[in-house]
Amino acid sequence: MDAIAERQASGLEGLEVAGLARRYCDLIEASTGGHPRQWLRDVASLLPRLQAAISSVSAPVSGVVPTSVVDLDARFELFWRLHDLLADRDGYWLEFDRASEGADGMTGSLADDLTDIYCELKSGLGLYARHPEYALRGWAYGFDRHWGRHLVDAERHLTLLAAQGRLEL
C-alpha cells in the first residue's frame, strides 16, 4: 500500500467514509423497526454525503480483490423488507425503459439499490476494524465497479420522490 492510501485509511478520509458507512447501515437496519416517517428523508440526505466522501478517496483500486461474502438469504430478506416498506415508492424508470411498457416495465428498484449499497458497506465495516486501508480500498473498488451505480440511481429516484413530496412514509 502506498503512503497516500495509508494516510487516507487512517486519516480523515477513512474515518469519514467509515462513519458514513456505519450511519447508513444503522439507518437501513432501523428500517425494520416499524415505519418511521423520517427514515426515507434521512436516507436521502445521507447518500450524497456518502458519495462525496467515497469520491474524494484516491486510494488505488488496482489489484484489489473483493473479499465480501454475501449471505444471499439475508440479502434477499432485507430486499423484501425494504420493498414492502417502500411500497409504491420502490419501482422507478431507468434511462432506457419505455413508458409504453407500463408499470411492469419498470426496471429500477430503490429496495435493490439500498440493499446492494448496504451489503457492500456492511462487509467493509467488519474489515475496517482490523485493516482500515483494505476496507477503504475495497469500498473504493466496489463503488467504481458496482455500488456507485446503485447509489446514483437511488439518489436520482429519491430526488424525484422529494420533488413529489413523497419522502415521508
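The legends below describe close-up views of a predicted model.

In this predicted model, local features need pLDDT of at least 70 and side-chain atom pairs count only at pLDDT 80 or more, while totals for chains, interfaces and linings use all residues. Residues are numbered from 1 along each chain as its sequence is written, and side-chain values use heavy atoms, with hydrogens and water left out.

**View 1. Helix H3 and what covers its buried residues.** Helices (H or I, at least four residues) and strands (E, at least two) are DSSP runs, numbered from the N terminus. The expected span of a helix is 1.5 Å times one less than its number of residues. For the 17 residues of H3 this gives 24 Å, and the end C-alpha atoms are 24 Å apart, so the two values agree. Buried means under 20% relative accessible area, exposed over 50%, and partly exposed in between (1.4 Å probe, protein chains only). In H3 the buried residues are Trp39, Leu40, Val43, Ala44, Leu46, Leu47, Leu50, Ala53 and Ile54. An α-helix has 3.6 residues a turn, so residues three or four places apart point the same way. The cover over the buried residues of H3 includes H2, H4, H5 and H6, where contact means heavy atoms within 4.5 Å.

**View 2. The largest nonpolar core.** A nonpolar core is a set of buried Ala, Val, Leu, Ile, Met, Phe, Trp, Tyr and Cys residues joined through side-chain atoms within 4.5 Å. The largest one has 45 residues, and Tyr24, Trp39, Leu114 and Trp139 have the most contacts inside it. Two or more residues of this core come from each of helix H2 (12-30), helix H3 (39-55), helix H4 (72-86), H5 and H6. In soluble globular proteins, nonpolar side chains tend to be buried together.

**View 3. The stacked pair of tyrosine 128 and tryptophan 139.** Rings of Phe, Tyr and Trp (its six-membered ring) pair if their centres lie within 6.5 Å; planes under 30 degrees apart count as stacked, over 60 as edge-to-face and the rest as tilted. The structure holds four aromatic pairs. In one of them, the rings of phenylalanine 79 and tryptophan 80 have centres 5.1 Å apart and planes at 75 degrees, which makes the pair edge-to-face. Tyrosine 128 and tryptophan 139 are stacked, at 5.9 Å centre to centre with 20 degrees between the planes. Tyrosine 128 belongs to helix H5 (residues 110-130) and tryptophan 139 to helix H6 (residues 132-163), so the pair ties together parts 11 residues apart in sequence. Both residues are buried. Leaving out residues up to four places away in sequence, tryptophan 139 touches Val17, Ala18, Ala21, Ile54, Glu120, Leu121, Gly124, Leu125, Tyr128 and Trp147.

**View 4. The ring cluster of Phe76, Phe79 and Trp80.** Ring pairs link these three residues. Phenylalanine 79 is buried, at 15% relative accessibility, whereas tryptophan 80 is partly exposed at 36%.

**View 5. Cysteine 25 and cysteine 119.** A disulfide is a pair of cysteine sulfur atoms within 2.5 Å, and the count by this rule is zero. The sulfur of cysteine 25 has its closest cysteine sulfur in cysteine 119, 8.8 Å away, so the distance is too far for a bond. Cysteine 25 is buried at 1% relative accessibility, and cysteine 119 is buried at 16%.

**View 6. Alanine 87 in the loop between H4 and strand E1 (91-92).** The phi of alanine 87 is near 50 degrees, a positive value in a residue other than glycine. Alanine 87 is partly exposed, at 48% relative accessibility.
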